[in-house]
Amino acid sequence: ISEQNDLVARIDTIQKALHYAQIGTFGTLHTAQKFAEKLQRKNVPVYVKEQHSSTAQGKKIIWYQVLTEPFEKEDELRTALHKIKKYSAVHDIRIM
C-alpha cells in the first residue's frame, strides 16, 4: 500500500496537465482493488485512490476511485477507455 500511496502522490502532482478518467467509485477498498486488478490483468493502466468527504450531517466518509493513469495525449486516453469498455460493464466514465 505504501508504493501505491507514493504513486498516487506522484500522479496527483501532474494530473492537472494530463488527461485521465474516473472509471468507477466504490465504498470499500477491497471492491475497488478487485475491479482495478481485473482491468490491470488486461493491461489497462489504472490505480485506486482513497477519497475523504463528509455528509451534510458531518459524518466522515471514505470511498475509493478507480482512475486511469494520466496520459499526455487525449487520444491515448480514449484508446484506453475503449479497452476498458470492452472488458467491463462500465457506463459512467468521467474524463477529468
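One salt bridge is present in the structure, which is a predicted model. The pair is E74 and R78, whose closest N and O atoms lie 2.7 Å apart. Both residues belong to helix α3, which spans residues 74-87. Four residues separate E74 from R78, about one turn of the helix. E74 is partly exposed, at 34%. R78 is also partly exposed, with a relative accessible area of 45%.

The fold contains three helices and four strands. Along the sequence, these elements follow the pattern α-β-α-β-β-α-β. The protein has 96 residues, of which 35% count as buried. Among contacts with a separation of 6 or more, 61% are between residues 24 or more positions apart.

Helix α2 covers residues 29-41 and includes A36. The relative accessible area of A36 is 3%, so this residue is buried. Its contacts were examined without residues up to four places away in sequence. On that basis, A36 touches V46, V48 and V66. G24 provides a further reference point for A36: the two residues are 12 apart along the chain. Their C-alpha atoms are separated by 9.4 Å.

A patch of positive charge gathers K34, K38, R41, K42 and K86. Three residues of the patch come from α2, the largest share. K38 is a patch member and is found in helix α2. Its relative accessibility is 34%, so K38 counts as partly exposed.

Notes
Residues are numbered from 1 along each chain as its sequence is written. This is a predicted model: local features need pLDDT of at least 70, side-chain atom pairs count only at pLDDT 80 or more; totals for chains, interfaces and linings use all residues. Side-chain values use heavy atoms; hydrogens and water are left out. A salt bridge is a side-chain nitrogen of Lys or Arg within 4 Å of a carboxyl oxygen of Asp or Glu. Helices (H or I, at least four residues) and strands (E, at least two) are DSSP runs, numbered from the N terminus. Buried means under 20% relative accessible area, exposed over 50%, partly exposed in between (1.4 Å probe, protein chains only). Contact means heavy atoms within 4.5 Å. Patches are made of residues with over 30% relative accessible area and no salt bridge: like charges are joined within 9 Å, nonpolar side chains (Val, Leu, Ile, Met, Phe, Trp, Tyr) within 5 Å. Accessible areas come from the Shrake-Rupley method with a 1.4 Å probe; for residues, only the protein chains shown count as cover. Lys and Arg count as positive and Asp and Glu as negative; His and the chain ends are not counted. The place of a charge is taken as NZ of Lys, CZ of Arg, CG of Asp or CD of Glu.
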